[in-house]
Amino acid sequence: MPHIVCHYSAGQEMPPLSEVMMKIHHAAASTGVVKAEDLKIRAQAFDDYLVAGKAQSFFHVSFYLLAGRTLQQKEMLSIELRSVLSKLLENTYSISIDIRDMDPEAYKKRLK
């Protein structure tokens, strides 16, 4: 179920996006807070952006999961993702992680 949405500045120096997404996948699963087989990851580059009023590189992760995890579990996810991305994207000006709870009553899905 967890959805990981990455937004990043286009044109920045970074490894292939497939590698970045796999590192995020492994980092999230390594925490034990989520299962690897449940993760869905997607990424979108932005050509137009400002960070602190300047065109500085960024990589932002929004991590959506059903409510019920403890604050410690969510912090562990955030810290682990930030750590992995900081090593992988060492020239990126801003790296941020936002862990979001989804309402289990309102979240619906269909699988084929």
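Student: Which residue of β4 is the bridge partner of Phe 59?
Tutor: This is a predicted model, in which local features need pLDDT of at least 70 and side-chain atom pairs count only at pLDDT 80 or more, whereas totals for chains, interfaces and linings use all residues. Residues are numbered from 1 along each chain as its sequence is written, and side-chain values use heavy atoms, with hydrogens and water left out. Strands (E, at least two residues) and helices (H or I, at least four) are DSSP runs numbered from the N terminus, and two strands pair if DSSP finds at least two bridges between them. In β4, the bridge partner of Phe 59 is Ile 95.

Student: How many bridges join β3 to β4?
Tutor: Strands of a sheet pair through backbone hydrogen bonds, either parallel or antiparallel. β3 and β4 run parallel, and Tyr 64 stands opposite Arg 100 in β4. The number of bridges that join β3 to β4 is nine.

Student: How many bridges join β1 to β3?
Tutor: Here the two strands run antiparallel, and Val 5 stands opposite Ser 62 in β3. The number of bridges that join β1 to β3 is six.

Student: In what order do the strands lie in the sheet?
Tutor: The four strands form an open sheet with mixed pairing, and β2 (40-46) and β4 are its edge strands, each pairing on one side only. From one strand to the next, the twist averages 15°, where axes are lines fitted to C-alpha atoms, for helices over the stretch in contact, and angles run from 0 to 180 degrees between N-to-C directions. The order of the strands is β2-β1-β3-β4.

Student: What angle does α1 make with β2?
Tutor: α1 lies across β1, β2 and β3, and contact here means heavy atoms within 4.5 Å. The direction in which α1 runs, taken against that of β2, is at about 140°.

Student: In what sequence do the elements run from the N terminus on?
Tutor: The protein has two helices and four strands. Read from the N terminus on, these elements run β-α-β-β-α-β.

Student: Which residues touch the most other members of the largest nonpolar core?
Tutor: A nonpolar core is a set of buried Ala, Val, Leu, Ile, Met, Phe, Trp, Tyr and Cys residues joined through side-chain atoms within 4.5 Å, and buried means under 20% relative accessible area, with exposed over 50% and partly exposed in between (1.4 Å probe, protein chains only). The largest such core has 22 residues, and those that touch the most other members are Ile 24, Phe 59, Val 61 and Phe 63.

Student: Which element gives the most residues to this core?
Tutor: The elements that contribute two or more residues to the core are β1 (3-9), α1 (17-30), β3 (58-66), α2 (71-88) and β4 (94-102). With five residues, the element that gives the most is α2.

Student: Is His 3 buried or exposed?
Tutor: His 3 is found in strand β1, and its side chain makes a polar contact with the side chain of Tyr 107 (3.2 Å). A polar contact is a pair of N or O atoms within 3.5 Å; within protein, one must be able to donate a hydrogen and the other to accept it, and residues adjacent in sequence count only if both atoms are side-chain atoms. Because its relative accessibility is 16%, His 3 counts as buried.

Student: Which residue joins its side chain to that of Lys 74 in a polar contact of 2.8 Å?
Tutor: Lys 74 is found in helix α2, and it counts as buried because its relative accessibility is 14%. Not counting residues up to four places away in sequence, Lys 74 touches Arg 69, Ile 99 and Asp 101. The residue whose side chain makes the polar contact of 2.8 Å with that of Lys 74 is Asp 101.
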